[in-house]
Amino acid sequence: LPLLAYSMKLPGFAFWTCLGGTGGDDGFDYRDGNDDGITWRDGQERPIPSKQLEAVCEGLEDVAYMTALQDALEQAGNNLPLTRRQSLQALISTRLTEIMDNCSQNEVNAWRHEVGTAIHELNKP
């Protein structure tokens with residue numbers, strides 16, 4: 001995952017957990033004292049998602065959105081006006097940096113909607 005963030009030229013990366021440990025019976029549940037987990041287990045040993053796991057999942061979805069937008073831009077080729085291409089590419093670079101600096105969930109949600117709409121429009125026949 002850090003390599004993926006590096007290859008996308010993201011300006012920062014945070015990962016909240018270590019997925020394995022040197023001891024204990026579960027690499028995902030920190031309560032055994034050996035791991036820094038992203039899930040808990042209930043009484044029947046089923047995983048219970050945590051805020052950390054949800055954050056990782058959302059981050060992976062954001063990377064998938066960026067990749068899908070980049071692929072759609074490449075597919076559009078020269079059929080897309082230059083100014084529109086530049087504004088959509090800014091969603092991946094400039095706009096994303098601004099959002100991360102502001103730490104606003106509302107801005108993240110608006111960015112996700114804008115990227116999703118752009119992907120949908122670019123993939124229309």
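Biologist: What does Ala118 touch, leaving out residues up to four places away in sequence?

Modeller: Ala118 touches Leu69, Arg84 and Leu88. Each pair counts as a contact because heavy atoms lie within 4.5 Å. This is a predicted model, and Ala118 has its place in helix H5.

Biologist: Why is Ala118 called buried?

Modeller: The relative accessible area of Ala118 is 2%. Buried means under 20%, so Ala118 with its 2% qualifies.

Biologist: What makes Leu88 count as buried or exposed?

Modeller: Leu88, a residue of helix H3, has a relative accessibility of 3%. That is under the limit of 20%, so Leu88 is buried. Apart from residues up to four places away in sequence, Leu88 touches Leu69, Leu73, Leu80, Ala118 and Leu122.

Biologist: Which side of the limit does Leu73 fall on, buried or exposed?

Modeller: Leu73 lies in helix H2, and its relative accessible area is 0%. By the cut-off of under 20%, Leu73 is therefore buried. Its contacts, again without residues up to four places away in sequence, are Leu80, Arg85, Leu88, Gln89 and Leu122. For Leu73 and Gln89, 16 residues apart along the chain, the C-alpha separation is 8.2 Å.

Biologist: Which residues of the largest nonpolar core touch the most other members?

Modeller: Leu69, Leu88, Trp111 and Leu122 do, in a core of 18 residues. Helices H2, H3, H4 and H5 each supply at least two residues of this core.

Biologist: What makes such a set a nonpolar core?

Modeller: Its members are buried residues of nonpolar types, joined through side-chain atoms within 4.5 Å. In soluble globular proteins, nonpolar side chains tend to be buried together.

Biologist: How do you know that the length of H5 agrees with its residue count?

Modeller: At 1.5 Å a residue, the 18 residues of H5 should span 26 Å. The expected span takes one less than the number of residues. The end C-alpha atoms of H5 are 26 Å apart, so the two values agree.

Biologist: Which residues of H5 are buried, and why are they said to share a side?

Modeller: The buried ones are Val108, Trp111, Arg112, Val115, Ala118, Ile119 and Leu122. They cover an arc of only 130° around the axis, which puts them on the same side of H5. The face turned away from that side carries the exposed residues Asn106, His113 and His120. The buried residues of H5 pack against H2, H3 and H4.

Biologist: What makes the buried residues of H3 one side of that helix?

Modeller: The buried residues of H3 are Arg85, Leu88, Leu91 and Ile92. Their arc around the axis is only 110°, so they lie on the same side of H3. Exposed Leu82 and Thr83 are on the face turned away from the buried side. The cover over the buried residues includes H2, H4 and H5.

Biologist: How do H3 and H4 pack, and which residues make the contact?

Modeller: H3 (residues 82-92) and H4 (residues 94-102) pack at an angle of about 35°, with axes 3 Å apart. Ala90, Leu91 and Ile92 of H3 meet Thr94, Arg95 and Leu96 of H4. By class, four of the contact residues are nonpolar, one is polar and one is charged.

Biologist: Why is Cys103 called exposed?

Modeller: Cys103 is in the loop between H4 and H5, and its relative accessibility is 67%. Exposed means over 50%, so Cys103 counts as exposed.

Note on methods: Residues numbered from 1 in each chain as written. Predicted model: local features only at pLDDT ≥ 70, side-chain atom pairs only at ≥ 80, totals over all residues. Heavy atoms only, no water. Axes fitted to C-alpha atoms, helices over the stretch in contact; angles between N-to-C directions. Helix = DSSP H or I, 4+ residues; strand = E, 2+ residues; numbered from the N terminus. Nonpolar A, V, L, I, M, F, W, Y, C, P; charged D, E, K, R; others polar. Buried < 20%, exposed > 50% of the residue type's maximum accessible area, 1.4 Å probe, protein only. Arc of directions from axis to C-beta.
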